[in-house]
Amino acid sequence: MINGIIVVHKEAGFTSHDVVAKMRGICGQKRIGHTGTLDPMATGVLPVCLGSATRICDMLTDRDKEYEAELLLGVVTDTQDITGKVLSECVPDVSEEEVRKVMLSFRGEYSQVPPMYSALKVNGKKLYELAREGKEVERKARKVVIRELEILQCSFPVVRFRTVCSKGTYIRTLCADVGERLGCGGTMQSLRRTRVGEFELGNACTLGELQQLKDSHRLSEAVIPVDRIFRNCPALHVCRDHRKLLENGNAISQEQTVEKELYASGTQVRMYGPEGWFGGIYAYDPDRKWYRPVKMFLEKE
């Protein structure tokens, strides 16, 4: 079984679930999960977790994301992107200066109402399922953070921009909100995710490229080891006589590690077996004077 993360460059037309299904075929294993949905029309970075790495899917989903998108002014659709039904159209009567002022005003925290065409659930049913039935339900606004927003090109009626945002931000909705504030309406024309946390588009592979690596027995070249995600945590190794403690997910004392290091309360460390296999993330508990398990991976061969 492969344990680790592969950064997929999702192409247009694929759902995130399609990517997972394709990856199961390429990798020959079922234990695979993705780290955040991308709409079928969107392209770009989609980290896929394999084997024990599926335990950190939630952690990767929480990380900031970077996008490049195109806002089409003067068009409003029911999906907030160009794949939807057009609800209204007009010739936008706005200047480049007005567009810049309004767009940049969205930097920082703002309340965003999730779109009806989304995978969020209400009473156990996904919003997009309700939307396809012609139903619209009330959605609560959620706080999102636009950390960076940069206009790359204004070529009316299209505005191309780059943004870095928090978990849960809908770029479609950002486009619609900008258009509404400008008074002409707007919809998302294209979307490319260029980064998720530390995973960048330049290091991503398309499904076709991954299949080629598989066919040439080089798929391991695309796999990022799980412990690399925690590379900022100090590393400790369990003494050979105490390896069973790690294998069983037990607490480990300072004296039971090779390094005999002692860190501050709550400090998380990477705990390895005596042969170098990654066991999991531990945190120091000064009251009991041991390292307690936080998340186990146990990637022993």
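Residue D177 sits in helix α5, which spans residues 171–182. The model is a predicted one, in which local features need pLDDT of at least 70 and side-chain atom pairs count only at pLDDT 80 or more, while totals for chains, interfaces and linings use all residues. Residues are numbered from 1 along each chain as its sequence is written, and side-chain values use heavy atoms, with hydrogens and water left out. Helices (H or I, at least four residues) and strands (E, at least two) are DSSP runs, numbered from the N terminus.

What makes the setting of D177 worth a look? D177 is buried yet has no salt bridge. Here, buried means under 20% relative accessible area, exposed means over 50%, and partly exposed lies in between (1.4 Å probe, protein chains only). A salt bridge is a side-chain nitrogen of Lys or Arg within 4 Å of a carboxyl oxygen of Asp or Glu. The nearest side chain of opposite charge belongs to R181, 6.9 Å away; in this count Lys and Arg are positive and Asp and Glu negative, with His and the chain ends not counted. The side chain of D177 does have a polar contact of 3.1 Å with that of Y110. Such a contact is a pair of N or O atoms within 3.5 Å; within protein, one must be able to donate a hydrogen and the other to accept it, and residues adjacent in sequence count only if both atoms are side-chain atoms. Beyond four places in sequence, D177 touches F106, Y110 and Q112, where contact means heavy atoms within 4.5 Å.

A nonpolar core is a set of buried Ala, Val, Leu, Ile, Met, Phe, Trp, Tyr and Cys residues joined through side-chain atoms within 4.5 Å. Of its 28 residues, M103 and I171 touch the most other members. In soluble globular proteins, nonpolar side chains tend to be buried together.

Leaving aside neighbours within four places in sequence, M103 is in contact with L71, L149, I151, V159, F161 and V178. In α3, the buried residues are V99, V102 and M103. These residues lie on the same side of α3 because they cover an arc of only 95° around the axis, the arc being that of the directions from the helix axis to the C-beta atoms. E97 and K101 are exposed on the other side of α3. The cover over the buried residues includes β4, β10, β11 and α5.

Finally, Y263 is found in the loop between β15 (252–253) and β16 (268–272). Y263 counts as partly exposed because its relative accessibility is 27%. Not counting residues up to four places away in sequence, Y263 touches P234, L236, V269, Y284 and Y291.
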